[in-house]
Amino acid sequence: MIKHQGGCHCGQVKFRTDYDPLLVTQCHCQRCRRLSGTMTFYTIFGDDEVLFERKMGQYDFLGGSGMPMRLFFCQQCSTKLYYAADVFEGFKLIVTGSFDNSSDFEPQAEVFTNNKMSWLRDNGCIQHRFPEAGLYDRLQIMIDNLEKRSA
Ligand SMILES: [Zn+2]
Ligand SMILES: [Zn+2]
């Protein structure tokens, strides 16, 4: 059963998933901020849990942790759909704003808070804060959420 779906601005690329995300993260790093043009929220799923209908453009770069990442975007309208990161091998980091119901996804973790905009306020949903990438901690949270999801 389809739980969440989304797509790009022009409608050429659509995606869907039968699952809930393993983790929603807000990233405050400068690389993400520049690339997205705004604040960045990733909704993390297992690689094969989200199905995309169309081939996308690809942009390779180094993430906030200095490790390689790949961004996939619509070749028609340039909407960023998802990221793949070497440090999160086996997962897709879907751009939260590309979901039809994106306001359903509250971030549970924020990373690179050492670069957070000083005027941002917390509404209480974020349980985990990391001054930098917090990779191992985030992987542990994802594993815990995976166990809860399949319980
Ligand atoms: Zn498009
Ligand atoms: Zn980032």
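Let me start with disulfides: a search of the whole structure finds zero of them. Keep in mind that this is a predicted model, so everything I say describes a prediction.

Take Cys 125 as an example. A disulfide would need the two sulfur atoms within 2.5 Å. Cys 125 is also buried, because its relative accessible area is 14%, and the cut-off for buried is under 20%.

What do other cysteines do, then?

The zinc ion written as ligand 1 is coordinated by the SG atoms of Cys 8, Cys 10, Cys 74 and Cys 77. The distances are 2.3 to 2.4 Å. Along the chain, these donors follow the spacing C-x1-C-x63-C-x2-C. What is the geometry around the zinc ion (ligand 1)? The angles between the four donor atoms run from 106 to 112°, and therefore the arrangement is tetrahedral. For that label, all angles have to lie between 85 and 135 degrees.

Cys 8 has a relative accessible area of 10%, so Cys 8 counts as buried. Cys 10 has 38%, so Cys 10 is partly exposed.

Now the other zinc ion, ligand 2. Which protein residues are its donors? They are Cys 27, Cys 29 and Cys 32, each through SG, lying 2.1 to 2.3 Å from the zinc. The spacing here is C-x1-C-x2-C. Cys 27 and Cys 29 are both buried. For Cys 29 the relative accessibility is 5%, which means that Cys 29 falls on the buried side of the cut-off.

Next, the overall picture. The protein has two helices and eleven strands. Is the chain compact or extended? With 151 residues, a compact globule would have a radius of gyration near 15 Å, and the protein has 15 Å, so the two agree. The C-alpha atoms fill a box of roughly 40 × 35 × 30 Å along the principal axes. Buried residues account for 44% of the 151.

On to the strands. In general, strands of a sheet pair through backbone hydrogen bonds, either parallel or antiparallel. Here, three strands form an open sheet in the order β1-β2-β5, with antiparallel pairing. Its edges are β1, residues 4–7, and β5, residues 50–52, each of which pairs on one side only. From one strand to the next, the twist averages 15°. Within this sheet, β1 and β2 (residues 14–17) are joined by four bridges. One position to look at is His 4, which stands opposite Thr 17 in β2.

Further along, β6 (residues 57–62) and β7 run antiparallel and are joined by six bridges. Leu 62 has Pro 68 in β7 as its bridge partner. The hairpin of β6 and β7 has five residues between the strands, and there Gly 66 takes a positive phi near 85°.

Then β7 pairs with β8, again in the antiparallel sense, over five bridges. Phe 73 faces Lys 80 in β8. The hairpin of β7 and β8 has six residues between the strands. Which residue in that hairpin takes a positive phi near 75°? It is Ser 78, a residue other than glycine. Its loop lies between β7 (68–73) and β8 (80–85). Ser 78 counts as partly exposed because its relative accessibility is 48%, and exposed would need over 50%.

Phe 112 sits in the loop between β10 (109–111) and β11 (128–130). Is Phe 112 buried or exposed? It is buried, because its relative accessible area is 11%.

Notes: Residues are numbered from 1 along each chain as its sequence is written. Chains are lettered from A and ligands numbered from 1 in the order in which they are written. This is a predicted model: local features need pLDDT of at least 70, side-chain atom pairs count only at pLDDT 80 or more; totals for chains, interfaces and linings use all residues. Side-chain values use heavy atoms; hydrogens and water are left out. Two strands pair if DSSP finds at least two bridges between them. Axes are lines fitted to C-alpha atoms, for helices over the stretch in contact, and angles run from 0 to 180 degrees between N-to-C directions. Donors are N, O and S atoms within 2.8 Å of the metal (3.2 Å for Na, K and Ca); water is not among the atoms, so sites may look incomplete. Buried means under 20% relative accessible area, exposed over 50%, partly exposed in between (1.4 Å probe, protein chains only). Four donors count as tetrahedral if all angles lie between 85 and 135 degrees; four count as square planar and six as octahedral if opposite donors are over 155 degrees apart and all others between 65 and 115; anything else is irregular. The radius of gyration is taken over C-alpha atoms; the globule rule is 2.2 Å times the number of residues to the power 0.38.
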